[in-house]
Amino acid sequence: MTNSMLWKLLLVVAALLGSLYALWPSYQFYQLPQATRVAAAKDTPAANLREKSIPLGLDLQGGMHLVLEVDASKLPPEEAKGAPDRAIEVIRNRVDQFGVAEPIIQKEGVDRIVVQLPGLTDRERALDLIGKTALLTFKLVRTPDETQAIFTRLDGALASRARSGLVQIDSSTAAKPLTSYFLDNMGGAGFIASADVPKVEALLTSAVTDSVVPKDSQLLWGADEGHAGRTGRWLYCVKAEPEMTGGSVSNATAQIGLDPNDPGGWGVALKLAGKGQSDFARITAANVGRQLAVVLDSTVRSAPSIRERIPNGNATIHGSFDAKSSKDLEIVLKAGALPAPVNVIEERSVGPSLGQDSIDAGFKASWVGTLLVVVFMLVYYQGSGAIAVGALLLNLILLFAGLKGWGATLTMPGIAGIVLTIGMAVDTNVLIFERIREELRNKRTVLAAIETGYARAYRTIIDAHVTTLLSSFALMWFGTGPIRGFAVTLSIGLIINLITAVGISRMIFDAWSVRRKLSSISI
């Protein structure tokens with residue numbers, strides 16, 4: 001064996017060992033039980049393996065597919081134009097912090113966003129995480145006297161409409177149709193039992209609230225919480241204009257014990273920075289003794305009393321949170337608010353079992369196709385076919401290693417690209433072997449037949465691969481989702497095929513024929 005052949009052999013062995021090393025975490029991860037893979041939490045051994053593995057797409061792993069529509073109808077024209085792009089960035093930040101592996105988030109059309117979350121099957125949590133506008137504002141709660149005056153006006157308006165037959169109320173609440181439902185009236189809010197909340201909402205709608213409540217005030221519901229042994233919601237009366245927004249939130253952290261009245265309860269600690277910090281200091285200094293409502297997406301999450309000026313920009317949100325909901329709120333506050341509300345117009349869930357069926361079917365098709373190719377090459381081309389099979393197996397190993405190195409996601413169309421790559425590899429070897437056969441029939445020596453056969457087939461092989469690669473690059477550039485997955489897999493496979501089918505198989509032929517000084521060849 002010449003020095004040149006030896007170096008080529010060492011290079012091939014190094015590439016093979018490097019590929020196997022890169023693929024070992026993928027083998028370990030996909031040998032784990034499916035439940036373990038799906039539930040792998042961050043910073044666990046399974047999660048670390050997942051980060052080093054070839055990721056599977058939604059069609060193979062299961063998860064959620066959402067199509068969102070950005071409602072920018074209430075934004076100024078100059079802001080509405082860029083709202084979808086800003087929404088994509090916010091959603092991507094939220095999903096990244098949530099820990100979903102290999103999400104797909106991309107714009108579709110003018111105002112739609114496609115979101116694919118492989119491995120995520122908690123529908124409610126996903127929708128809440130992505131669809132929450134997360135508009136954080138701070139509003140002053142009206143004083144007890146101001147609040148009482150507004151509630152009294154609402155009672156009078158409802159009673160008047162009841163006497164006119166415009167609204168139906170219980171006789172027991174005829175005198176005070178609204179405040180009769182209050183279990184407690186504390187400062188600028190009334191507490192209403194959960195069972196009575198729909199009734200009160202209906203009353204407020206029928207009372208034509210806009211004409212009764214002053215325009216500089218508004219009624220907002222609090223979140224569900226427990227109070228005096230009952231579960232319900234507070235109805236707050238707050239200033240309509242916010243004192244400030246939460247756009248200056250520099251950090252948010254889910255914590256326990258933020259509420260002195262509930263030491264074991266969860267909440268979120270906020271840190272305001274820049275102008276937000278100075279505004280917060282000014283507002284708290286000017287309103288000592290007042291309640292400041294922390295409003296998230298039109299729901300009052302907490303309304304603590306201002307005891308003193310707060311110069312450091314620290315604020316808290318607490319109430320009816322558990323560990324999961326407080327963590328999700330931390331994520332959306334860190335990622336920022338959506339520029340406009342988003343509506344879910346299409347939703348599909350792919351269960352893990354369906355994903356596993358797809359994996360099994362796809363790999364079965366791949367192995368059956370590969371087996372048929374191997375049998376054909378061994379039967380028809382005999383010893384030379386064995387060389388082609390070895391090059392083909394090396395092709396597959398390098399292909400999967402290439403997918404890992406590229407950071408590509410393996411999808412069902414990607415598996416189709418692998419099968420097509422196998423076909424192209426076989427076609428390449430058939431071209432070479434038929435050219436070698438022609439030369440042998442023309443009474444050429446084995447070495448001359450191999451040399452001429454490769455030389456004559458080389459241009460045809462290059463032409464076929466380059467034209468297919470151009471089409472594949474076009475699909476990769478303009479395509480999205482499954483089309484792009486197919487194109488990426490096919491492109492990597494074709495490039496590797498040029499190396500294995502031409503370079504490596506030629507190296508094996510040369511080494512074999514030179515060493516043995518063959519006068520004939522099994523082809």
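Three strands form an open sheet in the order β11-β12-β15, and their pairing is antiparallel. The structure described here is a predicted model.

- Strand β12, which covers residues 266-272, pairs with β15 in the antiparallel sense over 5 bridges, and G267 has H318 in β15 as its bridge partner.
- Helix α10 (residues 275-286) lies across β12 and β15, and its direction makes an angle of about 105 degrees with β12.

**The hairpin of β13 and β14**

- Strands β13 and β14 pair in the antiparallel sense over 3 bridges, and within this pairing L296 stands opposite T299 in β14.
- The two strands form a hairpin with 2 residues between them, and D297 in the turn has a positive phi of about 50 degrees.
- S298 lies in the loop between β13 (292-296) and β14 (299-302), and its phi is near 65 degrees, which is a positive value in a residue other than glycine.
- S298 counts as exposed because its relative accessible area is 54%, and the cut-off for that class is over 50%.

**Buried and exposed nonpolar residues**

- In helix α8, which spans residues 197-206, the buried residues are V197, V200, L203, L204 and S206.
- The elements that cover these buried residues of α8 include the helices α7 (144-163) and α9 (209-212), together with the strands β6 (189-193), β7 (217-221) and β9 (230-239).
- Elsewhere, a nonpolar surface patch of about 670 Å² is made by L6, W7, L9, L10, V13, L17 and L20.

**Salt bridges within helices**

- The structure holds 17 salt bridges, and the general idea behind such contacts is that side chains of opposite charge can pair when their charged atoms come close.
- In one of these pairs, D279 forms a salt bridge with R282, with the closest N and O atoms 3.7 Å apart.
- Both D279 and R282 belong to helix α10, where they are 3 residues apart, or about one turn of the helix.
- An α-helix has 3.6 residues a turn, so residues three or four places apart point the same way.
- R437 counts as buried because its relative accessibility is 18%, whereas E434, with a relative accessible area of 23%, is partly exposed.

- A network of salt bridges links R435, E438, E439, R444 and R456.
- Within this group, E439 forms a salt bridge with R444, and their closest N and O atoms are 3.0 Å apart.
- E439 is buried, since its relative accessible area is 4%, while R444 is partly exposed at 38% relative accessibility.
- K443 has its place in the loop between α13 and α14 (446-478), and its phi is near 70 degrees, again a positive value in a residue other than glycine.
- With a relative accessibility of 76%, K443 counts as exposed.

Methods:
Residues are numbered from 1 along each chain as its sequence is written. This is a predicted model: local features need pLDDT of at least 70, side-chain atom pairs count only at pLDDT 80 or more; totals for chains, interfaces and linings use all residues. Side-chain values use heavy atoms; hydrogens and water are left out. Two strands pair if DSSP finds at least two bridges between them. Helices (H or I, at least four residues) and strands (E, at least two) are DSSP runs, numbered from the N terminus. Contact means heavy atoms within 4.5 Å. Axes are lines fitted to C-alpha atoms, for helices over the stretch in contact, and angles run from 0 to 180 degrees between N-to-C directions. Patches are made of residues with over 30% relative accessible area and no salt bridge: like charges are joined within 9 Å, nonpolar side chains (Val, Leu, Ile, Met, Phe, Trp, Tyr) within 5 Å. Accessible areas come from the Shrake-Rupley method with a 1.4 Å probe; for residues, only the protein chains shown count as cover. A salt bridge is a side-chain nitrogen of Lys or Arg within 4 Å of a carboxyl oxygen of Asp or Glu. Buried means under 20% relative accessible area, exposed over 50%, partly exposed in between (1.4 Å probe, protein chains only).
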